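Trainee: I would like a close look at one part of this model, with the rest brought in where it touches that part. Please take it step by step.

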Amino acid sequence: MAGQHPSGRFRAVLPELLRFGVIGGLGYASDVLLFLLLRGPCGPITAKAVSLTLSTAVAFLGNRSWTFRERRAGGPAAQVGRETAMFLMVNLAGALLQLACVWISHYPLGLTSPGADLVSGSVVGMSLATALRFWGTRALVFRPPRADRTPV
């Protein structure tokens, strides 16, 4: 992809981006639904932490088996272990970004309604975290085999 026109690079990434969006939609739906169910009994921070954990599992399985299956090196268990560890690190960074959005909205800004918590964590936080996760998952987690690698 190096030296390719930007529109050619975009076309090359588009199928992955669309599949990432579908898997992300499933993860997002599980995140929001569980957050709404748990916010009352657990509070906003615990509810978001639990809902993010479930949505991370949904995203890992979907991205590993569908979105980036062509990029995966396959191979030894060590590769799967590396992918899992890197995926968790990338998603932890995204989760911390989402939790920070809920915390900033809820505490310093004093926006404590269920709607404000939902918007800060599942709209603003999720939007920022999605961009980070796509880049990190593509560039760091499910990399093509060494011979096929080009700059991201």
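At what angle do helix H1 and helix H4 pack, and how far apart are their axes?

Mentor: The model is a predicted one, and the values below are computed from it. Helix H1 covers residues 6–42 and helix H4 covers residues 114–141; they pack at an angle of about 150°, with their axes 11 Å apart. Angles over 145 degrees count as roughly antiparallel, and that makes H1 roughly antiparallel to H4. The crossing of H1 past H4 is right-handed.

On the H1 side, the contact is made by Val13, Glu16, Leu17, Phe20, Tyr28, Asp31, Val32, Phe35, Leu36 and Arg39. On the H4 side, the residues are Pro114, Asp117, Leu118, Ser122, Val123, Met126, Thr130, Arg133, Phe134, Thr137 and Arg138. By class, the residues of this contact divide into twelve nonpolar, three polar and six charged.

Phe20 belongs to helix H1 and counts as buried, because its relative accessibility is 10% and the cut-off for buried is under 20%. Leaving aside residues up to four places away in sequence, Phe20 touches Thr130, Arg133, Phe134 and Thr137, and its partners also include Asn63, Thr67 and Phe68. Thr130, Arg133, Phe134 and Thr137 are among the H4 residues that make the contact with H1. Arg138 is another residue of the H4 side; Phe20 and Arg138 lie 118 residues apart in sequence, with their C-alpha atoms 9.8 Å apart in space.

The axes of H1 and H2 come within 7 Å and cross at roughly 155°. H1 and H2 are therefore roughly antiparallel to each other, and H1 passes H2 in a right-handed crossing. The contact of H1 with H2 has 16 nonpolar, eight polar and five charged residues.

Asn63 and Thr137 both touch Phe20, and both also touch Phe87. Phe87 sits in helix H3, residues 77–106, and at 1% relative accessibility Phe87 counts as buried.

Thr56 is buried, with a relative accessible area of 13%. With residues up to four places away in sequence left out, Thr56 touches Phe87, Leu88 and Asn91.

As for the whole protein, there are four helices and zero strands, in the pattern α-α-α-α along the sequence. Among contacts between residues at least 6 apart in sequence, 73% join residues at least 24 apart. Of the 152 residues, 38% count as buried. The protein exposes about 8100 Å², and carbon and sulfur atoms supply 73% of that area.

Notes:
Residues numbered from 1 in each chain as written. Predicted model: local features only at pLDDT ≥ 70, side-chain atom pairs only at ≥ 80, totals over all residues. Heavy atoms only, no water. Axes fitted to C-alpha atoms, helices over the stretch in contact; angles between N-to-C directions. Helix = DSSP H or I, 4+ residues; strand = E, 2+ residues; numbered from the N terminus. Parallel < 35°, antiparallel > 145°, perpendicular 65-115°, else oblique. Left-handed = near helix turned anticlockwise from the far one by under 90°. Contact = heavy atoms within 4.5 Å. Nonpolar A, V, L, I, M, F, W, Y, C, P; charged D, E, K, R; others polar. Buried < 20%, exposed > 50% of the residue type's maximum accessible area, 1.4 Å probe, protein only. Areas by Shrake-Rupley, 256 points an atom, 1.4 Å probe, with all protein chains shown as cover.
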